[in-house]
Every structure is written in C-alpha cells, then in structure tokens.
Amino acid sequence: MLFPTFDRSQIQLKPLAEREHLVRLGDLLQPADARDELHDEQVEKVAGVVATAYRGGAQVVLMLGAHVVKCGLSRLVVDLMQRGIVTHVAVNGAVTIHDFELALVGATSESVARYIREGQFGLWQETGRINDAVVQGAREGIGMGEAIGRMIEQEQFPHRDVSILATGFRLRIPVTVHVGIGYDILHEHPNCDGAALGATSYTDFLVFAHTISRLEGGVLLNYGTAVMGPEVFLKALSMARNVAHRRGTQIRVFATAVFDLLTLGGELNDEPPKSDPRYYFRPYKTVLVRTVRDGGLSYYVQGDHRLTMPALYWHVMRLLRAWGLQE
C-alpha cells in the first residue's frame with residue numbers, strides 16, 4: 001500500500017452499561033395510542049393509497065431513516081408488518097444500530113456532543129456484535145437485514161418484540177439495509193469487515209430491486225431519508241423497468257409519498273430548475289416527480305415524524321377497519 005492506515009487495534013471499547021442513553025423503551029409509542037394530531041389532508045390521501053394497495057394485495061414499501069426509530073415509532077412499524085400491511089422495509093445502517101440496541105438493552109442513542117469530545121462516540125462493545133452478524137451473513141450469502149434480524153431473534157434478545165429487523169426475520173418480510181462505508185459507528189470497530197458490509201448490503205439491494213419489480217399498483221413511502229431512500233429507489237426502479245420493458249410489461253402505476261421537515265411550497269408535480277435549491281433535495285425531484293411521471297401519484301407530508309407516522313397509522317387502520325379488513 002502507498003498510504004498508512006489507522007490501527008484499529010488501539011481502540012478502546014466500553015460496555016453499553018456505561019453509556020448515557022437518550023431513548024428508552026418507555027419512549028416508544030404504543031399502536032393503541034396513535035392519534036391524528038396533525039389533521040393534514042395529505043396524510044389522509046396517503047393512507048387511502050396504502051389501504052387500497054393492501055386491499056389489492058400490492059406492495060407497500062417503507063423506506064426509513066434512523067430518526068423514525070429514535071422518535072419512538074418502532075412499534076408502529078412492527079405492527080404494520082405483523083398485520084401484513086407493510087410488505088418491505090428498507091433502512092440505512094443507523095436504523096440497524098438503534099434497532100439492535102433497543103432489542104438488546106431496551107435503550108439506544110447517545111449524545112454525540114458529549115462522547116465525541118473524549119473519543120468514545122460509537123465505540124460500545126455490544127453494538128459491535130452487529131459486525132459479527134454481518135460477517136456470518138456474508139459467509140452464507142444472505143442479506144444484512146436478514147443476518148442481523150436472525151441474531152436478534154434466534155438469540156432471543158429480551159426486547160426483540162420492538163425490533164423491526166427481528167420482526168422481518170420472524171415473519172419473512174424483507175428488511176433490507178443499504179449502507180455507505182464510513183457512515184455508521186459500526187465502521188469504527190476493529191471487527192468491522194468492509195467486504196462483508198459490501199456483500200450483504202449488495203444482496204439486500206438486489207432483494208429490494210426484486211420488490212420494486214413488483215411495485216405496480218403499490219405504494220412507496222419515503223420516511224425521513226433524504227439520500228439513501230431516493231438514490232436506492234431510483235437505481236432499483238431503473239433495473240426493474242429495464243427488465244419489464246424487454247418483457248413487454250410496465251411499472252408505472254404506483255404511488256409515492258415523502259415525509260420530511262422541509263417546506264417545499266405548493267404544487268410539486270414538476271421538477272424545480274437547477275437554480276432552485278429544492279432541486280438538490282433528492283426526495284423532491286426523484287421520489288415526487290421523476291419516478292412517477294409516467295402514470296403514478298405522489299404526495300408530500302411536511303412535519304415531525306412523531307406527528308406524521310401516528311396520523312398515517314391511525315388513518316390506515318380507520319379505513320381498513322371500516323372496510324372489514326382489519327380488527
């Protein structure tokens with residue numbers, strides 16, 4: 001090699017018991033307590049397309065950023081999976097960390113400002129076990145989400161009932177993990193294997209692309225992921241449409257929805273010009289415009305996840321109960 005690399009053997013890991021946690025089990029919202037406190041017409045419209053997709057046996061894909069878990073909404077996602085409403089969950093690497101820690105110790109999230117000052121941010125012994133699951137997954141040729149979910153479920157973590165990954169493994173619902181090297185605290189650990197990360201995450205990308213190949217008539221929800229969600233969806237859709245085109249079929253009639261905090265303005269059916277800063281917000285141009293231009297529908301819901309996801313859950317369940325499809 002031309003250049004020296006960092007010696008990870010010198011790193012000191014500490015147990016999670018010594019960490020101050022910012023999120024605990026008591027912070028997680030129970031499905032029975034979900035309410036619509038937002039009263040946003042767009043949420044009701046999205047709930048309508050989700051309920052319709054479920055009724056028609058179509059895909060309902062949920063792409064998540066880590067703040068959905070940190071906001072205490074894991075139980076809602078788990079419940080939607082258990083009810084068969086959400087058929088695929090796609091997450092970034094950070095989701096796996098919070099999901100794993102919640103299942104293992106009933107708490108997660110740390111003060112970056114505090115722990116980065118002493119060089120302890122992210123360097124916790126138990127969390128590094130995720131890397132062991134990934135290495136084993138790579139050896140077996142399975143995806144990262146399946147490998148981590150299997151560890152949580154088979155080792156019977158004490159709080160695995162709130163784990164999205166374990167729920168996916170148990171119910172055979174794909175939970176795919178889409179990582180970027182260097183993004184996650186797991187990559188600081190001495191037992192991190194970059195080749196295993198790449199192999200298992202790429203397997204998950206192919207699992208995701210297979211789901212997208214069956215998106216016709218379904219829904220894709222992009223929840224708080226401004227880069228991973230739009231970019232992974234864009235490439236998977238291109239692959240799926242390439243094959244569909246050669247087979248004489250189409251993947252164009254589906255709905256997308258973006259849930260985020262930014263104010264985007266009024267009509268969002270047209271791509272903004274490059275002179276407009278909104279052009280560089282990928283969920284707008286990719287999820288709301290480009291991918292649905294040939295016959296799909298798109299919706300944007302602005303607001304805190306703590307308000308938007310409970311509202312969406314409440315309206316979906318209201319509709320399905322009214323239709324006699326859920327109890």
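**Overview**

The chain contains 12 helices and 8 strands, where helices (H or I, at least four residues) and strands (E, at least two) are DSSP runs numbered from the N terminus. The model is predicted: local features need pLDDT of at least 70, side-chain atom pairs count only at pLDDT 80 or more, and totals for chains, interfaces and linings use all residues. Residues are numbered from 1 along each chain as its sequence is written, and side-chain values use heavy atoms, with hydrogens and water left out.

**The chain as a whole**

- The C-alpha atoms fill a box of roughly 55 × 50 × 40 Å, taken along the principal axes.
- Of the 327 residues, 53% count as buried; buried means under 20% relative accessible area, exposed over 50%, and partly exposed in between (1.4 Å probe, protein chains only).
- The accessible surface of the chain is about 15,000 Å², and carbon and sulfur atoms account for 51% of that surface; such areas come from the Shrake-Rupley method with a 1.4 Å probe, and for residues only the protein chains shown count as cover.
- Among contacts between residues at least 6 apart in sequence, 80% join residues at least 24 apart, a contact meaning heavy atoms within 4.5 Å.

**Helix α8 and its partners**

- Helix α3 (residues 74-82) packs with helix α8 (residues 164-171) at an angle of about 10°, and their axes are 9 Å apart. Axes are lines fitted to C-alpha atoms, for helices over the stretch in contact, and angles run from 0 to 180 degrees between N-to-C directions.
- Helix α3 is therefore roughly parallel to α8; angles under 35 degrees count as roughly parallel, over 145 as roughly antiparallel, 65 to 115 as roughly perpendicular and the rest as oblique.
- In this pairing, Ser74, Val77, Val78, Met81 and Gln82 of α3 meet Ile164, Thr167, Gly168, Arg170 and Leu171 of α8.
- The contact of α3 with α8 comprises 5 nonpolar, 4 polar and 1 charged residues. Ala, Val, Leu, Ile, Met, Phe, Trp, Tyr, Cys and Pro count as nonpolar, Asp, Glu, Lys and Arg as charged, and the others, Gly among them, as polar.
- Helix α7 (residues 144-154) crosses α8 at roughly 90°, their axes coming within 7 Å, so α7 is roughly perpendicular to α8.
- Residues of α7 in this contact include Ile148, Gly149 and Ile152, and those of α8 are Leu165, Ala166, Phe169 and Arg170.
- The contact of α7 with α8 has 5 nonpolar, 3 polar and 4 charged residues.

**Helix α11**

- In helix α11 (residues 282-289), 7 of the 8 residues are buried, among them Tyr284, Lys285 and Leu288.
- The buried residues of α11 pack against β6 (219-223), α10 (228-247), β7 (255-260) and β8 (297-302).

**Individual residues**

- Tyrosine 115 belongs to helix α5 (residues 112-117) and is buried, with a relative accessible area of 2%.
- Beyond its neighbours within four places in sequence, tyrosine 115 is in contact with Glu18, Arg19, Glu20, Glu110, Gln120, Phe121 and Trp124.
- Most residues other than glycine have a negative phi.
- Serine 109, in the loop between β4 (107-108) and α5, has a positive phi near 75° and is buried at 4% relative accessibility.
- Glutamine 156, in the loop between α7 and α8, has a positive phi of about 55° and is exposed, with a relative accessible area of 54%.
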